[in-house]
Amino acid sequence: MNKLLLVPLAFGVCLSGFSAIAGEDQIKKAESAAPAAVSGDATIMLTDGTVLREGTNIWTCFPYFGDDPENDPICGDDVWRDYFLAEARGEEYTPSSTGVSYMLASGTPHMMILVPEAEGYSGFIQEPDGGKTWLMMGDLVGRHLMIPIEFESEEVPSE
């Protein structure tokens, strides 16, 4: 084999190995957004529509949202998947049914509920307030309920 061909071949093998590692890291990050019972069988996707892993349930998890790979991972049902993909394309999306998503690996772990009609949000506060459920983006398409979730470790008393 020509020595000049070995360099590009070796470089290509290294890149494909790096790509597989990057894909595995993205899958792990995406799975961290929801409980394992949800994310373990979810489709893992990038917001450009690239599927990193086909799933077997209704959930789709994204390692990040938008162009910033440091953003929080998100898992959502098909309603949220469609919303995330429309948002990434700069398109408006109005849900036809209620959707549920998880962001458990974010700075403040929470769930989000998206409902089709604005009236479904009446009575909710519109700013974060001490762990209460609140309405985010209240006057905009894509408004949704933010449901903070606190994780506290309970110490087992020693005998």
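A residue is called buried when its relative accessible area is under 20%, exposed when it is over 50%, and partly exposed in between, as found with a 1.4 Å probe on protein chains only. The structure is a predicted model, in which local features need pLDDT of at least 70 and side-chain atom pairs count only at pLDDT 80 or more, while totals for chains, interfaces and linings use all residues. Residues are numbered from 1 along each chain as its sequence is written, and side-chain values use heavy atoms, with hydrogens and water left out. Helices (H or I, at least four residues) and strands (E, at least two) are DSSP runs, numbered from the N terminus.

The sheet is described first. Eight strands make up an open sheet with mixed pairing, in the order β2-β1-β3-β4-β5-β6-β8-β7; two strands count as paired if DSSP finds at least two bridges between them. At the edges lie β2 (51-53) and β7 (134-136), each of which pairs on one side only. Direction ignored, neighbouring strands of this sheet are turned against each other by 30 degrees on average; the axes are lines fitted to C-alpha atoms, for helices over the stretch in contact, and angles run from 0 to 180 degrees between N-to-C directions. In general, strands of a sheet pair through backbone hydrogen bonds, either parallel or antiparallel.

Strand β6 pairs with both β5 and β8. β5 and β6 run antiparallel and are joined by five bridges, and a hairpin of six residues connects them. The pairing of β6 (residues 110-114) with β8 (residues 144-148) is also antiparallel, over four bridges. Met112 of β6 is the bridge partner of Ser101, and Met112 has Met146 as its bridge partner in β8. His110 is bridged to Pro148 of β8. In a regular strand the side chains alternate between the two faces of the sheet. Both faces of β6 are covered, with His110, Met112 and Leu114 buried on one side and Met111 and Ile113 buried on the other.

Helix α3 (residues 78-88) has Val79, Trp80, Tyr83, Phe84, Leu85 and Ala86 as its buried residues. Among the elements that cover these residues are β1 (43-45), β3, β4, β5 (99-103), β6 and β8. At the start of α3, a side-chain oxygen of Asp77 comes to within 3.1 Å of the backbone nitrogen of Val79. Just after the helix, Gly90 has a positive phi of about 80 degrees.

One disulfide is found in a search of the whole structure, a disulfide being a pair of cysteine sulfur atoms within 2.5 Å. The bond joins Cys61 to Cys75, with an S to S distance of 1.9 Å. The link is right-handed, with 105 degrees about the S-S bond. It connects distant parts of the chain, as Cys61 is in strand β3 and Cys75 is in strand β4, 14 residues apart. Both Cys61 and Cys75 are buried.

Thr60 belongs to strand β3 (residues 60-62) and is buried, with a relative accessible area of 3%. Beyond its neighbours within four places in sequence, Thr60 is in contact (heavy atoms within 4.5 Å) with residues including Ala42, Met45, Cys75 and Arg81. Pro73 lies in the loop between β3 and β4 (74-76) and is also buried, at 4%. The C-alpha atoms of Pro73 and Ser106 are 7.1 Å apart, although 33 residues separate them along the chain.

Notes:
A polar contact is a pair of N or O atoms within 3.5 Å; within protein, one must be able to donate a hydrogen and the other to accept it, and residues adjacent in sequence count only if both atoms are side-chain atoms.
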